[in-house]
Amino acid sequence: MSAFVSPEAVIEGDEPLPQAGVIAYRIRRGEVQVLLMTSRDTGRWIIPKGNIKPGASPSKAAVQEAFEEAGIKGTIVSSTPLGMYTYSKKLGSGEARAATVEVFLLHVQKHVKKWPEKGERQLAWVSAKKAISLIEEPGVVPLLVRLMETG
């Protein structure tokens, strides 16, 4: 559970919301860097992620979220997710619901000048080690560790 939502506030009995996200990375001077961004509501460091629209594959949804939220374009490294995690998503109603995120590795090739959520978030390219110390979603940390082990 996220530290920002009390377990009592989670809506029980609903299937988790299916979401997709990316760990976006690039290679600079021989080192792997990952892109983190801030959430719009609390400003904590997170990865690009969002709901999977009906008819969309998780990997395509992940690529779309990365573009909308961070203005990045690239290639999904594998159709198999790097991993998954579950967190409590705060809904517009103030209630919370479990969301399960399939996380894909996205090799970033381009950062565009304009994107839908530009100006709503801060972006930062950091080492995977630094990302582990900044990220506040516990489920993302093992995925970053896995990236460091394979990189």
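This is a predicted model: local features need pLDDT of at least 70, side-chain atom pairs count only at pLDDT 80 or more; totals for chains, interfaces and linings use all residues.

Trainee: In what order do the elements of the protein chain run from the N terminus on?

Mentor: Helices (H or I, at least four residues) and strands (E, at least two) are DSSP runs, numbered from the N terminus. The protein chain has 3 helices and 8 strands. From the N terminus on, their order is β-β-β-β-α-β-β-β-β-α-α.

Trainee: What is the radius of gyration of the protein chain?

Mentor: This radius is taken over C-alpha atoms, and the globule rule is 2.2 Å times the number of residues to the power 0.38. For 151 residues the rule gives 15 Å, and the value for the protein chain is close to it, so the chain is as compact as a globular protein of that length. The radius of gyration is 15 Å.

Trainee: What share of the 151 residues counts as buried?

Mentor: Buried means under 20% relative accessible area, exposed over 50%, and partly exposed in between (1.4 Å probe, protein chains only). By this scale, the buried share of the protein chain is 44%.

Trainee: Is Q64 buried, partly exposed or exposed?

Mentor: Q64 is found in helix α1, residues 58-70. Its relative accessible area is 37%, so Q64 is partly exposed.

Trainee: How many of the residues of β1 are buried?

Mentor: β1 covers residues 17-28. This strand is mostly covered, and of its 12 residues the number buried is 9.

Trainee: Over how many bridges do β1 and strand β7 pair?

Mentor: Two strands pair if DSSP finds at least two bridges between them. Strand β7 comprises residues 96-111, and it pairs with β1 in the parallel sense. One of the bridges has I23 with its partner L105 in β7. The number of bridges between β1 and β7 is 9.

Trainee: Which residue of β4 is the bridge partner of G21?

Mentor: Strand β4 (residues 49-51) runs antiparallel to β1, and 3 bridges join the two. In β4, the partner of G21 is K49.

Trainee: What is the phi of R29?

Mentor: β1 and β2 form a hairpin with 2 residues between them, and R29 is in the turn. Most residues other than glycine have a negative phi. R29 has a positive value although it is a residue other than glycine. Its phi is near 50°.

Trainee: Is R29 buried or exposed?

Mentor: R29 is found in the loop between β1 and β2. With a relative accessible area of 80%, R29 is exposed.

Trainee: How far apart are the C-alpha atoms of G30 and H111?

Mentor: G30 also lies in the loop between β1 and β2, and at 68% relative accessibility G30 counts as exposed. G30 and H111 are 81 residues apart along the chain. Their C-alpha atoms are separated by 19 Å.

Technical notes. Residues are numbered from 1 along each chain as its sequence is written. Side-chain values use heavy atoms; hydrogens and water are left out.
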